[in-house]
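Here's a quick briefing on the model shown below.

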Amino acid sequence: AGGAQVAGLLSRHGVRAIEPPSPASDFTLPDLAGGESSLSDFYGSWVVLTFFATWCGPCRSELPTLERLHRDRAEALRRGEVQ
């Protein structure tokens with residue numbers, strides 16, 4: 001599976017990739033396991049970045065879409081449709 005399948009999955013959720021694709025600057029943040037993760041740790045993988053604040057109404061409204069995207073991507077991975 002390639003980029004077209006991932007792009008299709010993203011577009012079904014109203015998310016679009018940056019065109020033309022361009023690398024983001026590397027950064028490191030704390031992760032949920034208590035360690036740190038860098039963007040470069042995911043080199044070669046599709047990454048959806050979103051930055052939000054809990055007090056931001058539009059930010060909170062996108063969380064259900066991101067959750068559906070996560071569930072659909074997990075299901076597509078199980079079916080072997082995307083990598």
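F51 counts as exposed, because its relative accessibility is 62% and the cut-off for exposed is over 50%. You'll find F51 in the loop that runs between strand 2 (36–38) and helix 2 (57–79). Bear in mind that this is a predicted model.

**The surface patch around F51**

- F51 belongs to a nonpolar surface patch, together with L29, F42, V47 and L49.
- Taken together, the residues of that patch have about 490 Å² of accessible area.
- F51 also turns up among the contacts of C59, next to F52 and A53, once residues up to four places away in sequence are left out.

**Overall layout**

- The chain has two helices and two strands, and going along the sequence they come in the order α-β-β-α.
- Of the 83 residues in the chain, 16% are buried.
- The chain exposes about 6500 Å², and 57% of that comes from carbon and sulfur atoms.
- If you take contacts between residues at least 6 apart in sequence, 40% of them join residues at least 24 apart.

**The disulfide**

- How many disulfides does the structure hold? There is one, and it links C56 and C59.
- The sulfur atoms of C56 and C59 sit 2.4 Å apart.
- The C56 and C59 link is right-handed, with 70° about the S-S bond.
- Are C56 and C59 buried or exposed? Both C56 and C59 are buried.
- C59 lies in helix 2, and its relative accessibility of 13% is why it counts as buried, the cut-off being under 20%.

**Where the strands meet: T28 and S38**

- T28 is in strand 1 (residues 28–30), while S38 is found in strand 2.
- A polar contact of 2.5 Å joins the side chain of S38 to that of T28.
- Setting aside neighbours within four places in sequence, S38 is in contact with D26, F27 and T28.
- S38 has a relative accessible area of 14%, so it is buried.
- T28 has a relative accessible area of 42%, so it is partly exposed.
- T28 and D41 are 13 residues apart in sequence, and their C-alpha atoms are 9.4 Å apart in space.

- R71 pairs with E67 in one of them, with 3.4 Å between the closest N and O atoms.
- Both R71 and E67 lie in helix 2, four residues apart, or about one turn of the helix.
- R71 is partly exposed, because its relative accessible area is 47%; E67 is also partly exposed, because its relative accessibility is 40%.
- E75 forms a salt bridge with R78, and here the closest N and O atoms are 2.9 Å apart.
- E75 and R78 are three residues apart in helix 2, so about one helical turn separates them.
- The side chain of E75 also meets that of R79 in a salt bridge, 3.4 Å from N to O.
- R79 and E75 are four residues apart in helix 2, so they too are separated by about one helical turn.
- Through shared partners, the salt bridges of E75, R78 and R79 join into one network.
- E75 counts as partly exposed because its relative accessibility is 31%, and R79 is partly exposed because its relative accessible area is 48%.

**T65, elsewhere in helix 2**

- T65 is placed in helix 2, and its side chain makes a polar contact of 3.2 Å with the side chain of R68.
- Why does T65 count as buried? Its relative accessibility is 19%, and buried means under 20%.

Definitions and conventions:
Residues are numbered from 1 along each chain as its sequence is written. This is a predicted model: local features need pLDDT of at least 70, side-chain atom pairs count only at pLDDT 80 or more; totals for chains, interfaces and linings use all residues. Side-chain values use heavy atoms; hydrogens and water are left out. Patches are made of residues with over 30% relative accessible area and no salt bridge: like charges are joined within 9 Å, nonpolar side chains (Val, Leu, Ile, Met, Phe, Trp, Tyr) within 5 Å. Accessible areas come from the Shrake-Rupley method with a 1.4 Å probe; for residues, only the protein chains shown count as cover. A salt bridge is a side-chain nitrogen of Lys or Arg within 4 Å of a carboxyl oxygen of Asp or Glu. Buried means under 20% relative accessible area, exposed over 50%, partly exposed in between (1.4 Å probe, protein chains only). A disulfide is a pair of cysteine sulfur atoms within 2.5 Å. A polar contact is a pair of N or O atoms within 3.5 Å; within protein, one must be able to donate a hydrogen and the other to accept it, and residues adjacent in sequence count only if both atoms are side-chain atoms. Contact means heavy atoms within 4.5 Å.
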